[in-house]
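Subject: The structure you asked about

Hi,

Here is the structure, ready for you to open. Have a look at it first, then read on for what turned up.

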Amino acid sequence: MQFNTFVSSINDLNRCVNAPNLQEVLLQPTLLARQGQLSQQQTQSLASTATEYGLCPVLVWDILMPEQVMNQICQQLTQWDISKFAAVRVADPGAAWWLKTHHPNIPLQLIVETGNHNLEALRGWCALFPDSLERLILSIELPKKKLIEYCQTLPVACEVLGVGQILLFYSPRSLLSPHLLDSDSEQKFPLQTIVSSEDSNNRLLRTLETVHGTFMFLDKDQFILEQLEGLQQGGLHTVCLDLRHFGRDGDVAVDIDKICSQILTDPVSLRKNWAKPTQSTFFKGNRTTSMFPRMKSKHKLVQYRQDVGLAEVLAGESGNYVVFQSLRSFAVAQIEKIIIPTGEEIEIPAEIVFRNLNGEVVESCEREQILITDWIKKAMPGSLLLGSAS
């Protein structure tokens, strides 16, 4: 397993040379990278120096572009010496295809951190770029078990973020400058500030604006560096160490050499002493879909509705009442139970009586008649009142 990190200076490269297991450095030009601050000359100069140092420079091209913008950028890239880079890291499929067409020998590292969490989608990207694709950068929302499965199943190497900021929100619009800068201000990007709101319980969230848009980050860092042994055994190829938010004086890989050494010797202490709170919410298990079975019926309620459904719950207020609409004419004596959307069956309490809108107790009703009862525990809109055939 190898590490990689973002760099923006010779000082960063010097630290990376001394960082164990770190072989790749990621270069972010302003033209191509969402958080990029390097000019073309700086990017290519750092790439040459990295190669001299025995490192592998990777060009980051992670912006998403409409066609007109992409055509303009691709025209400028004809002036670049792409051969200086060991690989190009892309998020936009159009950019990947342009590279495949115009630079077929350059390896591609495809960023699939959003919208590509299932195995079939990832296999699709591998099939689309069979000769160029060398690596997939996977989502931090994949739990350990899935990461290992993907590493062992996919035909290309896989990478995941080991430590770094968690992006909550991104917009291509400039959301900070209208509020922070005067119209005649000469201040340039990037702009950084801390925002909070009542909706986020007044948590302090770092917000960044660059020429490519506005980013908001969680107030905790992703951190799985003390849990890499299982991933290494499972075949994970690369772990990204993103230290950009700790950057100072033009450096963005501050203390990378010390961090890499401590990952190998004492990662638990590294986490304990990390400069920001940390989390690895999805690593043990992604439970975001756990409610799906409760949201969808395990039973064919449509069939119940057609065969033995007498009425449907329209509304209710806990502790007070339930409102039904009859699906057909029936006698109250036919009623047997209620089935809720999860498939659970509920017995009707013996004391429950059915009333019409005038509050009168009814023994039978017509089709599409509104009925009201006292509260029945667990009854919810979409539940069906079931009964025996008349």
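First, a term you'll need: a residue is called buried when its relative accessible area is under 20%, exposed when that is over 50%, and partly exposed in between, using a 1.4 Å probe and protein chains only. Arg203, for example, counts as partly exposed because its relative accessibility is 33%.

Some housekeeping. This is a predicted model, where local features need pLDDT of at least 70 and side-chain atom pairs count only at pLDDT 80 or more, while totals for chains, interfaces and linings use all residues. Residues are numbered from 1 along each chain as its sequence is written, and side-chain values use heavy atoms, with hydrogens and water left out.

Salt bridges

I'll start with the charged pairs. A salt bridge here is a side-chain nitrogen of Lys or Arg within 4 Å of a carboxyl oxygen of Asp or Glu. Searching the whole structure gives 15 of them.

Arg203 is in one: its side chain meets that of Asp219 at 2.6 Å, N to O. This pair links distant parts of the chain, 16 residues apart, with Arg203 in the loop between β8 (191–195) and β9 (205–210) and Asp219 in strand β10 (residues 213–223). Strands, by the way, are DSSP runs of E with at least two residues, helices are runs of H or I with at least four, and both are numbered from the N terminus.

Another one joins the side chains of Glu24 and Arg135, again at 2.6 Å, N to O. Since Glu24 sits in strand β2 (residues 22–27) and Arg135 in strand β6 (residues 133–137), the pair ties together parts that are 111 residues apart in sequence. Are these two buried or exposed? Both Glu24 and Arg135 are buried. They also belong to a network of salt bridges that links Glu24, Arg89, Arg135 and Glu159.

Then there is Lys258 with Asp255, whose side chains meet at 4.0 Å, N to O. Lys258 has a relative accessible area of 57%, so it is exposed, while Asp255 is partly exposed because its value is 32%.

Strand pairing

Two strands count as paired if DSSP finds at least two bridges between them. β7 pairs with β6 in the parallel sense over 3 bridges, and Leu136 stands opposite Cys158 in β7. β7 also pairs in the parallel sense with strand β11 (residues 238–241), over 4 bridges; Glu159 has Thr238 in β11 as its bridge partner. With β10, the pairing of β7 is antiparallel and runs over 7 bridges, and Gly164 is partnered there by Gln222.

Ala315 stands opposite Val323 in β14. The two strands form a hairpin with 3 residues between them, and Gly319 in the turn has a positive phi of about 85 degrees. β14 also pairs with strand β19 (residues 370–374), antiparallel, over 5 bridges; there, Gln325 has Ile370 as its bridge partner.

Nonpolar cores

A nonpolar core means a set of buried Ala, Val, Leu, Ile, Met, Phe, Trp, Tyr and Cys residues joined through side-chain atoms within 4.5 Å. Which members of the largest one touch the most other members? They are Trp61, Leu136, Leu138, Leu225 and Leu241, out of 70 residues. Apart from that core lies another, of 18 residues, including Leu310 and Phe330.

For contacts, the rule is heavy atoms within 4.5 Å. Val239, found in strand β11, is buried because its relative accessible area is 0%. With residues up to four places away left out, Val239 touches Met1, Gln2, Phe3 and Asn4, among others.

A patch on the surface

Finally, Ile10, Val17 and Tyr53 make a nonpolar surface patch of about 230 Å². Patches like this take residues with over 30% relative accessible area and no salt bridge, joining nonpolar side chains (Val, Leu, Ile, Met, Phe, Trp, Tyr) within 5 Å and like charges within 9 Å. Areas come from the Shrake-Rupley method with a 1.4 Å probe, and for residues only the protein chains shown count as cover. Ile10 lies in helix α1 (residues 10–17) and counts as partly exposed because its relative accessibility is 38%.

Cheers
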